[in-house]
Amino acid sequence: MRKSWFVVGVAAVALAGGIWVLRHRPLPVTVLSPETDVTLRIYGLGTVEARVLSAVGFELGGAVQSLSTDAGDRVMAGQELARLHPEEQQARVAQADAGVEAARAALAKAEAALPRAQAVLSQREAANTRRQELARTDRTSKQSAEETQRDLDVARADLAVAKTELMVLRAQAAEADANLQSARTLLDKHVLAAPYDALIIARKAEAGTVVKAGDTIFSLIDPQTIWIQAYIDEERAGQLALGQVGAIRLRSRPQHEFHGEIVRIGLESDRVNEERKVWLACADCPAEMYLGEQAETLVTTGHRDRALMVPEVDITGFDGASGTVWIAQDGALAQATLEFGARDDLGRAEVTDGLPEGAEVVSPVPKGAVEGRKVRVEVDE
C-alpha cells in the first residue's frame with residue numbers, strides 16, 4: 001500500500017514538474033523586421049462610369065417617325081438620331097409664313113401712305129400761311145382763314161395717324177417674323193441630333209412610339225470621359241491626393257492590370273458605408289469599356305525606403321494613430337503603446353514612434369501571452 005502511494009506521489013511530482021516546465025520554458029515567437037522599398041497602397045472597389053452621360057430626347061411630344069442610330073453606334077456632334085412626324089408643324093410654318101407676307105404687304109402700304117400725308121400737310125401749311133396773310137390785310141374773309149387753319153390741323157392729325165399706323169404695322173411685321181422663326185424652330189426640334197461626339201449606350205424607343213416632351217430616346221456618353229469611380233474606406237481616405245497613381249483591374253479582364261490616376265476626390269462621404277468616392281482617369285484601359293462593370297483599384301499613396309509594418313490584427317485598441325502591441329525585449333514578452341502612420345492595402349500600419357530600444361514587435365501574438373514570459377525569438381522572413 002505504501003508503495004502505491006509512493007508511485008502516485010512520484011507521478012504527481014513529475015506531472016507538476018512537467019507543467020512548470022511547459023509554462024516556464026521559453027515560448028517560441030516570431031518578430032517583425034523592418035522592410036525596405038515599401039510601397040503604400042489603398043484598396044478601393046468601384047465601377048466603370050462616364051463623367052459625361054446624357055439622356056437625350058425631344059423637347060416636344062409627338063409620334064416617332066424614324067430612328068437612324070442604335071445602341072453601340074458612335075455619332076458625331078449634330079448627327080441626326082431620330083425624327084418626329086413633322087406634318088402638323090410644317091402646316092404651322094406655312095401659316096406663319098403667310099402671316100409674314102400679309103404683314104409685309106400692310107407695312108408697305110402704310111409706308112407708301114406716309115409721304116402722301118406729309119405732302120398734304122406741306123400743301124395745307126402753305127395755303128394757310130397765304131390765307132392768314134390775306135386775312136390780316138382784309139383781302140379775304142375771316143371765315144376763309146379759319147377754314148384753312150382747320151384744314152391744316154386735320155392734315156397734321158392725318159400725318160400723326162399715318163406715323164402711328166406705320167409703327168403698329170412694323171411691330172406686327174416683327175411679330176410675324178418672330179412667329180415664323182418660332183414655328184421653324186419647333187419644326188427643327190422634330191429632329192433629334194447628337195449634342196456632342198458620343199457613344200450610344202441605350203435606345204429606349206422605336207418608330208411609331210408616341211413620346212412626351214423630355215422622354216428619353218437615347219442614352220449616350222462621351223467616350224473620352226470614361227473613368228473609374230472607386231470607394232475608399234474613410235479610415236484610409238486621409239492619405240488620398242489628386243494625381244496619385246493607381247492600378248486598375250477590370251472584372252472582365254482580371255489577368256490585366258491597367259493604370260490611372262486620381263482626377264477627383266469626392267467632397268461628401270457615404271454616411272452609411274463610411275466611404276469616400278474617388279475617380280481615376282485610366283491611361284491605358286481598353287477601347288471597349290462597359291459602364292457599371294466592377295473594377296478594383298490600388299492607389300499608391302506613398303513609398304518608404306525602410307519601414308516597420310505591423311498587421312492591424314496584432315494591434316490592441318488601435319484608433320488609427322496609436323495602439324498596443326506585444327514586444328519581445330530582453331528575452332521576455334511585454335506590451336508597448338506605439339504610434340502609427342500610414343496604412344497599406346495589406347491591413348498593416350507603419351510604426352512611427354514608441355518602440356523601445358532593442359525591442360521587437362511580436363507577430364502573430366502567441367496563445368497564452370503574458371508579460372514577463374520568456375521567449376525564444378524567431379525572425380519573420
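## Surface and overall form

The chain exposes about 22,600 Å², and carbon and sulfur atoms supply 52% of that area. The model is a predicted one. Buried residues account for 34% of the 381 residues in the chain.

The chain's secondary structure consists of four helices and 21 strands. Its radius of gyration is 46 Å, well over the 21 Å that the globule rule gives for 381 residues, so the chain is more spread out than a compact globule. The C-alpha trace spans about 180 × 55 × 45 Å along its principal axes. Of the contacts between residues at least 6 apart in sequence, 74% join residues at least 24 apart.

In soluble globular proteins, nonpolar side chains tend to be buried together. In this chain the largest nonpolar core has 21 residues, and the members that touch the most others are I228, L240, I248, L250, L280 and M289. The most comes from β11, with four residues.

What does I228 touch, not counting residues up to four places away in sequence? The list is T47, V48, I248, L250, V278, W279, L280, M289, A295 and T297. A second, separate core has 19 residues, including V56, L67, A205 and I217.

The chain has two aromatic pairs. One of them is formed by W227 and W279; the pair is tilted, with 5.7 Å from centre to centre and 35 degrees between the planes. W227 belongs to strand β11 and W279 to strand β14, and the pair links distant parts of the chain, 52 residues apart. Both W227 and W279 are buried.

F318 lies in the loop between β16 (309-311) and β17 (322-329), while F340 lies in strand β18 (residues 332-343), so the pair ties together parts that are 22 residues apart in sequence. F340 has 7% relative accessibility and therefore counts as buried, the limit being under 20%.

## Backbone exceptions

Most residues other than glycine have a negative phi, and most peptide bonds are trans. Where does this chain have a cis peptide bond? The bond from S363 to P364 is cis, with omega near 0 degrees. P364 is located in the loop between β20 (360-361) and β21 (375-379).

Positive phi is found at D37, which is not a glycine and has a value of about 55 degrees. D37 is part of strand β2. Is D37 buried or exposed? Its relative accessible area is 54%, so D37 is exposed, the limit being over 50%.

D330 is not a glycine either, and its phi is positive, about 55 degrees. D330 sits in the loop between β17 and β18. With a relative accessible area of 72%, D330 is exposed.

## Two residues in their surroundings

D284 lies in the loop between β14 and β15. Its relative accessible area is 35%, so D284 is partly exposed, a class that falls between the limits of 20% and 50%. Leaving out residues up to four places away in sequence, D284 touches F258 and H259. The C-alpha atoms of D284 and A334 are separated by 50 Å, and these two residues are 50 residues apart along the chain.

L199 is in strand β8 (residues 198-203). L199 is buried, with a relative accessible area of 14%. Apart from its neighbours within four places in sequence, L199 is in contact with G72, D73, R74, S219, L220, I221 and P223. Between L199 and D353, which are 154 residues apart along the chain, the C-alpha atoms are separated by 54 Å.

Definitions and conventions. Residues are numbered from 1 along each chain as its sequence is written. This is a predicted model: local features need pLDDT of at least 70, side-chain atom pairs count only at pLDDT 80 or more; totals for chains, interfaces and linings use all residues. Side-chain values use heavy atoms; hydrogens and water are left out. A nonpolar core is a set of buried Ala, Val, Leu, Ile, Met, Phe, Trp, Tyr and Cys residues joined through side-chain atoms within 4.5 Å. Buried means under 20% relative accessible area, exposed over 50%, partly exposed in between (1.4 Å probe, protein chains only). Helices (H or I, at least four residues) and strands (E, at least two) are DSSP runs, numbered from the N terminus. Contact means heavy atoms within 4.5 Å. Rings of Phe, Tyr and Trp (its six-membered ring) pair if their centres lie within 6.5 Å; planes under 30 degrees apart count as stacked, over 60 as edge-to-face and the rest as tilted. The radius of gyration is taken over C-alpha atoms; the globule rule is 2.2 Å times the number of residues to the power 0.38. Accessible areas come from the Shrake-Rupley method with a 1.4 Å probe; for residues, only the protein chains shown count as cover.
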